[in-house]
Structure formats: structure tokens, C-alpha cells
Amino acid sequence: MEHPENDDLYKGLKVNKGIADVPTVNPYMKKRVQRKSYTPAEYVEGILKGNITVLSQAVTLVESAKHEHQQVAQEIIEKCLPYAGKSMRIGITGVPGAGKSTSIDVFGMHLLEKGHKLAVLAIDPSSERSKGSILGDKTRMEALSREKNAFIRPSPSAGSLGGVARKTRETIVLCEAAGFDTVFVETVGVGQSETAVHSMVDFFLLIQLAGTGDELQGIKRGIMEMADGIIINKADGDNIDKAKLAATQFRNALHLFPPSESGWFPKVLTYSGYYNLGIKEIWDMVEEYMQFTKQNGYFDYKRNEQAKYWMYESINDTLRDKFYNNPAVAAHLATAEQQVLRNELSSFVAAKQMIDLFLANLGAYHD
């Protein structure tokens, strides 16, 4: 008998049949699909066909710090280069809270309605403590994230160039090869990020706010000299008059700066990203700038200067990487550091000794 308690000897006591143990793993959960790995030629083929999945995986390789990933990424970039360079590259910056992500969402939808294909490379600040990033820009671009002709890629800054992901320029090449004719690069709005983004875009757009106190606080010579256009956001409701006043102050300040190298005088416009007001005027300004610089030859000149700049940046990055990965350097660096901390060596003498050690042991590190 299954349950002796149910015998007549134990009248009044009844034990029901139990249920079988449930599995600890959800039987409805699909087995995780392994990501397919491609050859460099397959990556290039997928990118040129506009396959977003392949493009995303290629960008991941570009951002990876692994040596084997970098080798594959560089081969992909080299093969994509002949198909790149045909997009309009626009850098967008502004203080945190200026409404960059919301504005990009509105700007992007405006461009998609005109038949463009848009890639958004949003640089997300990495935590100095945990080194992690939220990568939440996509959530603030609700309309764009649903569009098939839009590619949004948030990337962690990883502390490089004051907030700009070091590989952003290579990602631009891949996006252009995939057929995106407009590329937005959003900065974190702090540190050296503006300088780095300015060195990889055709048009640099500065978003400012009005009604936050001293509008002249936003007039910093460095960032103002880089801007090709300044736009005052949140020009709606009770803030319209303040936005117009701020725009006048910015226009007056721009007259104090020397003429730009391009010959273009930056315009100052007001708009509302939230209410979708003044968006067409902003893109008329961008297109006017593009036409102006292409006619006077500055567009091609700037692209060439940027290519040269990034060649030297790449040399610096490669040398730094080889230095710190050299076995002889890695073995003695901590000792040199302790000697500096104990005041046995000056910082400069220790640095020279380490560089001399690196040069004497160049053969100890192989690609």
C-alpha cells in the first residue's frame, strides 16, 4: 500500500497523494543561442549589406581590448574604408541636462522623415570607481530606437580622452560602410571629450540652456570657438523670452572671437526638443554649412587634417600599449614606482630608466 496511514486501522486519518517534484529549470526557457562567429570577410559582407547584427558585433570587436579581437577589427576596418567617408558627421555636445538625448531623438526623426539613414554613437561616461556605465541613452531616444533606419550604439567612455570612446572614429567607418549617410556623435559634455569629437566630425553643434542663472557661464572660449552652430534648448512656455535673451548674448559673444578657419560664422538658434519646435531651421543651418564648406574646399581640407590627427593618435596609443605590455617593463615598473615613493628616484629619472629599459628590450614583446 502506498500510504499505510489510509488503512482501516487508522480511521479518520487520510493522506492524499502528493505531487511530483517540479523541475528546477524552467522547461519553457529556450536554450541560449550561441553567437555566430564570422570571418573578417563575412563581417565585411554583412556590414556592406546593412546587416545591423553583424555591424553590432563588428563594433564590439573594435571596442574590445583583446589583442586577437583588435587584429580582426583592423582587418574589417581596412576592407570597409573604400566604402566609407560619404556621410555627414555631426558632433553634438552640451552640459549634462541640456537635453542632448531628447534632441537627438527629435533631430533623428526629422532626418528619417527626409529619407536619411542615421547612426547615433552615444558616449556614456564610465564610473571612475566601478568602471561601469549605465548605457541608458537608448531609453531616452524612444522614437529612434524603434526605427529600422536608425542604429543607436551607446559606448562606455572607459576614461579615454576625457569621455570619448577611443574607438569611435573606427566605428564611424563601419557605420558609413553599412550605408548610414548621417552619423551623430554625442559627447558626455565634460573634460576633453569636445576636443576629441571635434576632431572626427564635420559639424559641431553646441546645445545650451537659458534661464539657469548666468548665461555667460556657458560662454567658454574653447568650446565656443569649436562650435559651428549654437542652439538654445527648452525655448517654450515661460522660457521663450529667456531663450531669446540668451541667444542674443551668445551672438554678441561670438563677434568677439576671431573668424573661424572655415570662413563660416556660427549661427545661434532657439528651439524646443520636447515640443519639436524649430527643428527644421536647425537642419537648414547644418545643410547650409555643409554646402558652404564644400564649395570653399574647407570640408575636404578638414577631413584630411582629421585623418592625419588620428594617425598620430593611433601611433601614441600603440606605443603606450607596447610599452606597458613589454615583459621587461611590467617586471620592473612596480619597483620603480616604489623607489619614487621612497624619494630614492625622481619621477623623471624613473620614467627615463623605464623608457631606456623598454627600448633595450623591444624584442621581448611580439605581436
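Modeller: Let's start at Asn276, which sits in the loop between strand E7 (267–270) and helix H9 (279–295). Helices and strands here are DSSP runs, numbered from the N terminus, with at least four residues (H or I) for a helix and at least two (E) for a strand. This is a predicted model, in which local features need pLDDT of at least 70 and side-chain atom pairs count only at pLDDT 80 or more, while totals for chains, interfaces and linings use all residues. Residues are numbered from 1 along each chain as its sequence is written, and side-chain values use heavy atoms, leaving out hydrogens and water.

Asn276 has a phi near 60 degrees, a positive value in a residue other than glycine. Most residues other than glycine have a negative phi. Asn276 is also exposed, with a relative accessible area of 51%. On this scale, buried means under 20% relative accessible area, exposed means over 50%, and partly exposed lies in between, using a 1.4 Å probe and protein chains only.

Lys234 also has a phi near 60 degrees, again positive in a residue other than glycine. Its place is the loop between strand E6 (229–233) and helix H8 (240–254). Lys234 is partly exposed, at 37% relative accessible area.

Now for the inside. Buried residues make up 42% of the 367 residues in the chain. In soluble globular proteins, nonpolar side chains tend to be buried together. The largest nonpolar core here has 48 residues, and Ile47, Leu55, Leu174, Met224 and Ile232 touch the most other members. Such a core is a set of buried Ala, Val, Leu, Ile, Met, Phe, Trp, Tyr and Cys residues joined through side-chain atoms within 4.5 Å. A second, separate core of 34 residues includes Ile92, Ile152, Phe203 and Met290.

Two packed helices are described by the angle between their axes and the distance between the axes. Helix H2 (residues 52–63) packs against helix H5 (residues 168–177) at an angle of about 160 degrees, with axes 10 Å apart. That angle makes H2 roughly antiparallel to H5, a label used for angles over 145 degrees. Leu55, Ala58, Val59 and Val62 of H2 meet Glu170, Thr171, Leu174 and Cys175 of H5, where contact means heavy atoms within 4.5 Å.

Thr168 lies in helix H5 too, and is buried at 4% relative accessible area. Apart from its neighbours within four places in sequence, Thr168 is in contact with Leu121, Ile123, Val185 and Met200.

Val185 leads on to Ile104: the two are 81 residues apart in sequence and 9.8 Å apart in space, C-alpha to C-alpha. Ile104 belongs to helix H4 (residues 100–113) and is buried, with a relative accessible area of 0%. Not counting residues up to four places away in sequence, Ile104 touches Ile92, Val120, Met141, Leu144, Phe184 and Glu186. Ile92 is the residue named above in the second core.

Definitions and conventions. Axes fitted to C-alpha atoms, helices over the stretch in contact; angles between N-to-C directions. Parallel < 35°, antiparallel > 145°, perpendicular 65-115°, else oblique.
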